[in-house]
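Welcome! Take a moment to look through the sequence and turn the model around, and then we will walk through some of its helices together.

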Amino acid sequence: MENNYYENEPEQFASSPYGKKPKKKKSFARGVLTGALSVSVIFAILTCIFFKVAYHDLSDVLDAKTQKKLNEVYSVISEYYYKDVDLNDLSTGTVKGMVEGLKDPYSVYYTAEEYEDFIIDATGSYAGIGAVLSKDQTTGSVSVINVYEGSPAEEAGLKKGDIIVSADGHEGTEEELSVFVQSIRGEEGTDVKLEVYRDGKTLEIVCTRRAILVPSVKYQMLKDEAGNEDIGYIQISEFSEGTYDEFVKALTDLQDQGMKAVIYDVRSNPGGMLKTVTDMLDYILPAGTTVYMLDNQENKTEYTSDDKQALDLPTVVLVNGESASASEIFSGAVRDFKYGTLIGTTTYGKGVVQNTIPFNDGSALKLTIATYYTPSGECIHEKGITPDIELEYEYTGDTDAEYDYYADNQVVAGIEELSKQIQ
């Protein structure tokens, strides 16, 4: 069994729904937690605005009984724990425990190091070499499963199928993949020396790290039932900082190729940035509310599309049980605007929004701050969105060969639906 990891991304983006079995719910849920729809990226990451909060006395939480219990637990740990105790780790664990006490899987306390990784994951950009890695859980070997076009990895000669033995002396078999990739990432302009095994030979490949923007949109033209290549296909793997520009470029290119209808594929898309998905909806939909949020004081925040730009195209959106958060905002708006047809299986059901507040020591708190609603006023939290055409995923092609869109029954269903509308 393999555990895939994008050299620049968290595990939720590690596998494709195409030509493979969908990931298990458990692993995807972990992805949704780290890639949750977040207003924070807009404010805390991009503009570094710190939210003003009133400091509350902790006496209600750390009452005499709780302090006594903490002292007792600490005394036992200090006396009997079999290793030296790191007081910083205990302090961090105490803070994390407070947040975990909310029993909200989307609220998380990040250490400074964890917050740096979160920023990379949320924005989709980092300094590295631009490769996707996979770790074999039996042998521990780290292999390259994809190399981004035009990346430092490609320029240095790294190829799909290469085994990375070490990176700057760090052995691939000796570390967890999430730790090993930290040796490959680094400061822009610096070099990383890779020991690579290929075709029975050991090679040394040096890559110069630079800023990498993770591609999140793939597109191409597909044939309709009459054999005419006039259906655009756009796969959106996440809603990161650069996704909007990629999305507009894809639509423009497909329109130039004569696109008459479009399939948007958000299967296994765990979500991303609120601003990104609402900007994308504004680009394609007519005027109206695309999503709104209510906080704990019933204050309403509304996001809208205007009438400056709208695409009048027959539309299908492909969804599955791993389409979450921003993917559900996208799908819900398309459905409620009666703009297109949803095909697939019921979506994940994440209808809450997080904000991340950074602290002076580099740590941060990601906290659920609101519930969001589709344009019709539906809260889809913990129930998801049921597609117009329910269809379980089935791939009839060769899973060892290049992915064949026409062997994907959900894509085919989309083609059939759009073919009726463009004839």
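Which residues in H9 meet which residues in H10? On the H9 side they are Leu274, Val277, Leu281 and Ile284, and their partners in H10 are Ala326, Ile329, Phe330 and Ala333. By class, this contact of H9 with H10 has 8 nonpolar, no polar and no charged residues. Contact means heavy atoms within 4.5 Å. Ala, Val, Leu, Ile, Met, Phe, Trp, Tyr, Cys and Pro count as nonpolar, Asp, Glu, Lys and Arg as charged, and the others, Gly among them, as polar.

Before going on, a word about where this comes from. This is a predicted model, in which local features need pLDDT of at least 70 and side-chain atom pairs count only at pLDDT 80 or more, while totals for chains, interfaces and linings use all residues. Residues are numbered from 1 along each chain as its sequence is written, and side-chain values use heavy atoms, with hydrogens and water left out.

**The whole chain**

The protein chain has 11 helices and 20 strands; these are DSSP runs numbered from the N terminus (helices are H or I with at least four residues, strands are E with at least two). Of its 423 residues, 49% are buried, where buried means under 20% relative accessible area, exposed over 50% and partly exposed in between (1.4 Å probe, protein chains only). Among contacts with a separation of 6 or more, 69% are between residues 24 or more positions apart.

**Two helix pairs**

Two packed helices are described by the angle between their axes and the distance between the axes.

| Pair | Angle | Axis distance |
|---|---|---|
| H9 (residues 274-284) and H10 (residues 326-336) | roughly 20 degrees | within 9 Å |
| H8 (residues 243-256) and H9 | about 25 degrees | 9 Å |

The axes are lines fitted to C-alpha atoms, for helices over the stretch in contact, and angles run from 0 to 180 degrees between N-to-C directions. H8 and H9 are therefore roughly parallel to each other; angles under 35 degrees count as roughly parallel, over 145 as roughly antiparallel, 65 to 115 as roughly perpendicular and the rest as oblique.

The contact of H8 with H9 involves Thr243, Tyr244, Phe247, Val248, Leu251 and Thr252 of H8, together with Thr276, Asp279, Met280, Tyr283 and Ile284 of H9. Those residues divide into 7 nonpolar, 3 polar and 1 charged.

H10 is mostly covered, with 10 of its 11 residues buried. Its buried residues pack against several elements, including E13, H9 and strand E14 (288-295). In the loop between E16 and H10 you will find Ser325, whose phi is near 60 degrees, a positive value in a residue other than glycine. Ser325 is buried, with a relative accessible area of 0%. Just after H10, Lys338 takes a positive phi of about 55 degrees.

Helix H11 (residues 409-422) has 14 residues. From first C-alpha to last, H11 reaches 20 Å, close to the 20 Å expected at 1.5 Å a residue; the expected span is 1.5 Å times one less than the number of residues. Among the buried residues of H11 are Val411, Ile415 and Leu418.

**One exposed spot**

Asp199 sits in the loop between strand E8 (191-198) and strand E9 (201-208). Asp199 has a positive phi of about 50 degrees although it is not a glycine, and at 74% relative accessibility it counts as exposed.
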